[in-house]
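Let's take a walk through this structure together, one region at a time. Have the viewer open and follow along.

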Amino acid sequence: MIINGVTDAKTEMMDCQPEINTQRHVYQVDTLSANNNVPAVADRRSVIKKPPKKKWKCTDYVRKTIPSIDWLFLNYRWSQDFAEDTMAGIAVAVLNIPQGMAYSILGNVEPTVGLYMAVFPVLVYALLGTSRHISLGVLSVLCLMTGKVVTTYATEGAENDPTLGGYTAIQVATAVTLVAGLVQLLMYVFRLGLLCTVLSETLVSGFTASVAVIVLTSQLKELLGVDVARRHGMMQVPNTFFDFFDRFHTINWATTTVSVITVTILLVYGKYLKERINSRLCMPLPIELIVTVIATALFQVTTIAQDYNMVQMGEIKSGLPPFEVPPVKLFSAVFVDACVIALVAYSITMSLALLVSEKLKYPLDTNQELLAQGLGNVVGSFFSCLPSGASPSRSASQQTVGGKTQMASIVSAAIIVVVLLWIGVVFEPLPRCVLSSIIVVALKGLLMQVLNFPEIWRKSKTDGTVWMVTYVTVIMLDIDSGLLIGVVVSLLIVFIKGILNEVHVLGRLPDTDLYVRLDLYAVAVEIPDVKIVRYAGSLNVINRYMFKRKLIEVTRDYDDAASATTLTVTVIDGKNPIGVQRPARCVVLDMAALQYADAAGVKMLSESIESLVSDGYDVYLAAVPDSSLEYIRCNNDVKSVRFFPTVHDAVVYHQCSNKKNQDSTYDTQPSKTSILP
């Protein structure tokens, strides 16, 4: 039973809006500072007490440089975490086997190189890195970029015939890896961990989506068995498609059939079976590894590959790679490409690491990540490794299976070592088209990013411009050129936004002290004889004239409106008028959104204020940020300007001053007549 009175009372309480009722004096900035004992700018440094600096010991530096001392050697919970880390390590290892061999194709090196990358850089990162869940190793973007350099500087056939001279593919690749690692270490020395912010999320999205198109194009030869040369450099995607259609008659239908079957199995599993099966297992089902093993067994016991001239993996070296120093003479030739690869590798890896760390609530050290990744690449370069990066698929697997620390990466590396020593040779009969199919299916998410462009454009035209420019230029020109153009366009937009400013006229919401834009809020009203102007942006040497022009425009509108108001003329004894009384006009500049002001900008502000004062306006500056307040006051030549902490203080002050002036005028006027000017 519901009592009506109680129900009505609850409804009334729900309908009632909360209120804020305050009562205080109107403050100017000087009064507010004096009443609250705010020291002068010159004295503030002495008032602020800096906390005592912690004295760092040698052991503190060592523990900061090698984070694994804490989590692995001192605080690792073997009974709680080791079982979950082991399961996660197994899951990552079974993904590493097909991905490592497949992505090595993109780098134009032997399939085992991808497996080497799952050992040496991974172990270094596990000891020095601060992310607990990312999985370092092969990354399609980096392998493709390195493969372009390998094609440029490697001598074909040098691996089999040393008398040809030149450099082998693995020598060029390791030279790129070493230089990229040294660049990252140099960035670490100069504390440039935040440099990854140059590549915004939008730019990285457009870049990776376009690289996925290039990877797909480069794998058409392997997928379909078409006899075409691999293109590199400018216009490689259009040229590759032209070559493909020109040589379509050389297609190998057996290779095409195997590719279609492999792609179909992987897509069907991912769309319809993956969630159902994985929900019932303790770890994700390694479908790529299963397909690889089945295909290897099938072509081991049959002669299909030989009968139909299908390209197989061929000889796979067993054992760990020998220690070999990359050729120093190549460093200058690959330096620019290695710098780009280093920046891309760090940006993509850090983006993924930050995403996981924010989700799981633990901190990252961006500079320490440079040390871990850079030293991992340096060490890897001596053991036949390409530049490494974090893989989204492997990192997600490591985190979702339950991995707690980088112990999972250590377990994964140990399993890959076993594969290299005893198991790798069994994959020799595997057709390369199977690995190419795995690559293409793994790129599905990146390829589909193009469907997100309409939403990106709808949310932000500038982000959409950066995305599309990067996407198109990378595909039509080249990876390096497209990325450079994307970065330049992104920085140019940031620069343009930094110099643009906005000037809006504000009105007050009735019965409140809230001041909002008149063009956005229909209920807002202008206060009589008060023009409130909000300025948003920086005020500098570049945009100062833009500020002056916009301020003149809004005050000119004010003058036009004021010209239609009435004047009060005082008449004594019926004679000619001896005085004219017009309500005082006021301009309030809301500077709360002022980002930065330099000397030229403040000078233009002073000139604009002086012009308004000479035209009979009272000018007030409201809500000036503390970072710019003293600078404006010290460099402002117009001494009649008043500073207020809020717009409402300035408005109320003007209204009270205007009322006092009118009251004093009324006391001395014997008679008055209103006329139009």
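In this predicted model, strand β9, residues 617-622, is a mostly covered element, with 5 of its 6 residues buried. Look at what lies on either side of β9. Strand β8 (residues 585-597) runs parallel to β9, and 6 bridges join the two; within this pairing, Arg-585 has Tyr-617 of β9 as its bridge partner. Strand β10 (residues 642-644) also pairs with β9 in the parallel sense, over 3 bridges, and here Leu-621 stands opposite Phe-643 of β10. Strands of a sheet pair through backbone hydrogen bonds, either parallel or antiparallel.

Now zoom out to the whole sheet. In what order do the 6 strands of the open sheet stand? The order is β4-β3-β5-β8-β9-β10, and the pairing is mixed. The edges are taken by β4 (515-517) and β10; each has a single partner strand, so one side of each is left without a neighbour in the sheet. On average, neighbouring strands of this sheet are turned by 35° against each other, direction ignored. Further along the order, strand β5 (residues 530-539) pairs with β8 in the parallel sense over 8 bridges, and Arg-534 finds its bridge partner in Asp-590 of β8.

Helices join the picture next. Helix α27 packs on the sheet and touches β5, β8 and β9, its direction making about 145° with that of β9. With residues 599-614, α27 also belongs to a right-handed β-α-β unit together with β8 and β9. Another helix, α28, lies across β8, β9 and β10 and runs at about 120° to β8. The loop between β9 and α28 (626-635) holds Ala-623, whose phi is near 55°, a positive value in a residue other than glycine. Most residues other than glycine have a negative phi, and most peptide bonds are trans.

A positive phi turns up at Ser-384 too, with a value near 60°. Where does Ser-384 sit? Its place is in the loop between α18 (366-381) and β2 (389-390). Because its relative accessibility is 13%, under the 20% cut-off, Ser-384 counts as buried.

Another loop worth a visit is the one between α19 (392-400) and α20 (407-423), where Gln-406 lies. Is Gln-406 buried or exposed? Its relative accessibility is 3%, so Gln-406 counts as buried. Leaving aside neighbours within four places in sequence, the residues in contact with Gln-406 include Trp-71, Tyr-125, Arg-132, His-133 and Gln-398.

Finally, turn to a pair of helices. Two packed helices are described by the angle between their axes and the distance between the axes. For helix α9 (residues 140-153) and helix α17 (residues 331-360), the axes come within 10 Å and cross at roughly 175°. An angle over 145 degrees counts as roughly antiparallel, and α9 and α17 are therefore roughly antiparallel to each other. Among the residues that make the contact are Val-141, Leu-142, Met-145 and Val-149 of α9, and Val-334, Val-340, Ile-341 and Val-344 of α17.

Terms used: Residues are numbered from 1 along each chain as its sequence is written. This is a predicted model: local features need pLDDT of at least 70, side-chain atom pairs count only at pLDDT 80 or more; totals for chains, interfaces and linings use all residues. Side-chain values use heavy atoms; hydrogens and water are left out. Helices (H or I, at least four residues) and strands (E, at least two) are DSSP runs, numbered from the N terminus. Buried means under 20% relative accessible area, exposed over 50%, partly exposed in between (1.4 Å probe, protein chains only). Contact means heavy atoms within 4.5 Å. Two strands pair if DSSP finds at least two bridges between them. A crossover is right-handed if, with the strands pointing away from the viewer, the path from the first strand over the helix to the second runs clockwise. Axes are lines fitted to C-alpha atoms, for helices over the stretch in contact, and angles run from 0 to 180 degrees between N-to-C directions. Angles under 35 degrees count as roughly parallel, over 145 as roughly antiparallel, 65 to 115 as roughly perpendicular and the rest as oblique.
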